Amino acid sequence: MKSGAVVDEGYIYNEEKHLTVLKTSLFFAGDGFSAYDCSGQLVFRVDTYGPDSRDRTELVLMDAAGKCLLTVRKKRPSLHHRWEGYLGERMEGEKPIFSVRRSSIIGRSGVTVEVYHTPSEEYHIEGCFAQRSCTIYNADKQSVAEIRRKVDASSKTVLGKDVFSLTLNPGFDGAFAMGLILVLDQIDGDDPFLNDHDNRVDVDPTCVEPTISP
């Protein structure tokens with residue numbers, strides 16, 4: 001698989017990496033997302049949601065120490081719910097490093113991601129983010145990351161949708177994947193502040209809750 005940093009090479013792993021992502025309430029300032037590794041160490045956080053946020057159409061991904069890694073910003077106007085990603089804290093006049101958009105404005109559709117490298121790269125996100133069940137594919141249709149419901153290992157029960165797993169294949173930028181999760185969360189309509197609830201990232205009408213084998 002072709003590897004390369006989109007956001008930060010420090011989050012590209014040589015082996016498959018599993019993160020647990022926690023989405024907290026969006027009704028209070030300082031809430032958002034936190035991502036932890038298998039040892040329980042904080043890897044990423046997003047706490048720019050809430051009523052005191054400067055702009056709910058601009059979200060900042062930080063590392064555990066609070067360093068800004070990536071800013072995602074909704075482009076207006078946009079029929080395809082286009083978002084753009086910027087390295088670090090976005091500055092006026094800065095060019096985006098990638099864009100995310102719904103593949104179609106009609107009916108169920110996936111999401112297309114374009115990375116402005118030289119040459120540019122394209123990724124596609126397919127599945128059902130509302131049920132925390134979707135896959136990120138590269139242009140060769142190879143899976144590079146997966147979002148799945150979290151299962152409690154001891155009780156074999158599926159946890160709520162506010163706790164889910166992010167699996168990164170070797171060579172795929174974890175910070176980039178987290179930025180895509182922020183965008184998916186917004187365009188899916190899962191955010192109570194987002195008015196357009198009908199435009200869901202849902203390309204599989206048979207998407208159901210996962211079943212746990214005994």
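Contact here means heavy atoms within 4.5 Å. In this predicted model, F172 makes such contacts with Y11, I12, Y123, I136, V144, A145 and A177, leaving aside residues up to four places away in sequence. F172 also belongs to the largest nonpolar core, which has 45 residues. Together with F44, F98, V113, L166, F176 and I181, F172 is among the members that touch the most others. Helix α1, spanning residues 174-187, supplies the largest share of this core, with ten residues.

Aromatic rings deserve a look of their own. Six aromatic pairs are found in the structure. In one of them, the ring centres of Y11 and F44 lie 4.7 Å apart with the planes at 45°, so the pair counts as tilted. Y11 sits in the segment before β1 (17-23), while F44 belongs to strand β3 (residues 42-46), so this pair ties together parts 33 residues apart in sequence. Y11 is buried, at 13% relative accessible area, and F44 is buried as well, at 0%.

A further pair, F98 with F176, is edge-to-face, with 5.0 Å from centre to centre and 70° between the planes. This pair links distant parts of the chain, as F98 lies in strand β7 (residues 98-102) and F176 in helix α1, 78 residues apart. Both F98 and F176 are buried. Ring pairs also join these two phenylalanines with Y123 and F172 in a cluster.

Charged side chains meet aromatic rings too. The charged end of K17 sits over the ring of Y13, 4.8 Å from its centre. Likewise, the charged end of R132 sits over the ring of F129, at 4.6 Å from the ring centre.

Key. Residues numbered from 1 in each chain as written. Predicted model: local features only at pLDDT ≥ 70, side-chain atom pairs only at ≥ 80, totals over all residues. Heavy atoms only, no water. Core = buried A, V, L, I, M, F, W, Y, C linked by side-chain atoms within 4.5 Å. Buried < 20%, exposed > 50% of the residue type's maximum accessible area, 1.4 Å probe, protein only. Helix = DSSP H or I, 4+ residues; strand = E, 2+ residues; numbered from the N terminus. Phe/Tyr/Trp six-rings, centres within 6.5 Å; stacked < 30°, edge-to-face > 60°. Lys NZ or Arg CZ within 6 Å of the ring centre and 35° of its normal.
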